Amino acid sequence: MIRDLSIYIHIPFCVRKCLYCDFLSFPVSGREQGGESRARAEEAIGHYVELLTREIKQQSILYKNHRVCSVFVGGGTPSLLSAAQMGQIMAQVRASYEMSEEAEITLEMNPGAVTEEKLRQYITYGINRISIGLQSADNEELARIGRIHSYESFLDTYDTARRVGFANINIDLMSALPGQSIASWRNTLERVTALNPEHISAYSLMLEEGTPLYEKRASYTFPSEEEDRRMYLLTGEYLAKHGYHRYEISNYAREGYECRHNKVYWQRGDYVGFGLGAASMVEEYRWSNPDRPQAYEAYVGSGHILRHRLTVSEQMEEFMFLGLRMMRGVDADAFYRKFGQSMEAVYGVPLQKLAAQGLLALEDGRVRLTSRGIDVSNYVMAEFLF
């Protein structure tokens, strides 16, 4: 039987690391300079692309019974690669894997890190969805979190993408930024919805230990918890009024434009990750690539993967807390078909407790978060961990 497979490709390079970012990425030192520094930077990128394409080809032998339904190129800033390098990667994917004709192929980019020529080339490579990291329409807010672009450069990137033919665009937004007000957040929502993107991802800033923003947090004025909550509620209400349905805790889409790739994660489909630190989960086996460049190079050279077979308990946990991220919730019949036990038999106590607290709704054979449950989703999901 042919199984669907999603592919994630990690490009760890960026121009400058944002102050809040704890992702596996690093700035390409010297690339904007001339001479020897630029040559070293270009060599590092080129070497990484060679390793990446080798890994993509090597691993394909394991997935002959799969058909690729989605590809997501993330980072970092994937659009920092040359058009030819991106073409090399996509050509290797197509040469090594059976591709669905309707495959969703997404590429992340930051405003100002892509040209019209690159965007035109992306279309020829089969990339049919792009995700642009805007975060805020307020230039002062962007500067406070270390973004290198302005709202105006975002508009230029967005307009160019439309002009060359992209008909499926996501815009990433972030609330609870330092110095942000409810009024400025509303202004961001107004400006973005006026552009009519097909998809909007809206996250609340999380201060992660080890990031510059966390270390210097005392120097900033952040929205209060009440203001953060009001921004969060405003997001759902405003986007709903403007034609975006919420299908996951932080994701909103126009009809027919839910991100197929991310839904694979939440619905526990098969996905394989390529590149530095990329994670995979195929047929209940989970593993991650090395997250240090030298270790990754050695790994590609050996082709050896250390996989972890998920226990039934781990599978059940993921089934619940990933499924609850979706507004449709978790299907009780699907749980029984997969595990041979009813959801009530395994999770009866937390289900009853959370329903009594008004955090879960149990109806039509599904369990889903209520609006109150969404507010405290981390607490709710922790109840399903053994």
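The legends below accompany several close-up views of one predicted model. In this model, local features need pLDDT of at least 70 and side-chain atom pairs count only at pLDDT 80 or more, while totals for chains, interfaces and linings use all residues. Residues are numbered from 1 along each chain as its sequence is written, and side-chain values use heavy atoms, with hydrogens and water left out.

**View 1. Strand β7 and the strands with which it pairs.** Helices (H or I, at least four residues) and strands (E, at least two) are DSSP runs, numbered from the N terminus. Strand β7 (residues 169–175) is mostly covered, seven of its seven residues being buried, where buried means under 20% relative accessible area, exposed over 50% and partly exposed in between (1.4 Å probe, protein chains only). I169, I171, L173 and S175 point one way from β7, whereas N170, D172 and M174 point the other way. In a regular strand the side chains alternate between the two faces of the sheet. Two strands pair if DSSP finds at least two bridges between them; β6 (residues 129–135) runs parallel to β7 and is joined to it by five bridges, with Q135 standing opposite L173. Six bridges join β7 to strand β8 (residues 199–204), also in the parallel sense, and the bridge partner of L173 in β8 is A202. From β7 the chain crosses through helix α6 (residues 182–194) to β8 in a right-handed β-α-β crossover, a term that applies if, with the strands pointing away from the viewer, the path from the first strand over the helix to the second runs clockwise.

View 2. Over two bridges, β15 pairs with strand β17 (residues 366–369), where V367 is the bridge partner of V330. A361 is found in strand β16 (residues 360–363) and counts as buried because its relative accessibility is 11%. Not counting residues up to four places away in sequence, A361 touches R366, V367, R368 and T370, a contact being heavy atoms within 4.5 Å.

View 3. In helix α10 (residues 293–302), Y296, Y299 and V300 are buried; seen down the axis of α10, its buried residues fall within an arc of 95°, so they line one face of the helix. That arc is taken over the directions from the helix axis to the C-beta atoms. The face turned away from this buried side carries the exposed residues Q294, G301 and S302, and just after α10, G303 takes a positive phi of about 70°.

**View 4. The largest nonpolar core around I7.** A nonpolar core is a set of buried Ala, Val, Leu, Ile, Met, Phe, Trp, Tyr and Cys residues joined through side-chain atoms within 4.5 Å. Of the 69 residues in the largest one, I7, I9 and Y122 touch the most other members, and helix α1 (residues 35–59) supplies the largest share, seven residues. Apart from this core lies another, of 22 residues, among them A332, Y347, V367 and F384.

**View 5. Cysteines without a disulfide.** The structure holds zero disulfides, a disulfide being a pair of cysteine sulfur atoms within 2.5 Å. For C21, the nearest cysteine sulfur is that of C18, 6.3 Å away, and C21 counts as buried at 13% relative accessibility. The sulfur of C69 is 11 Å from the closest cysteine sulfur, in C259, which is too far for a bond.
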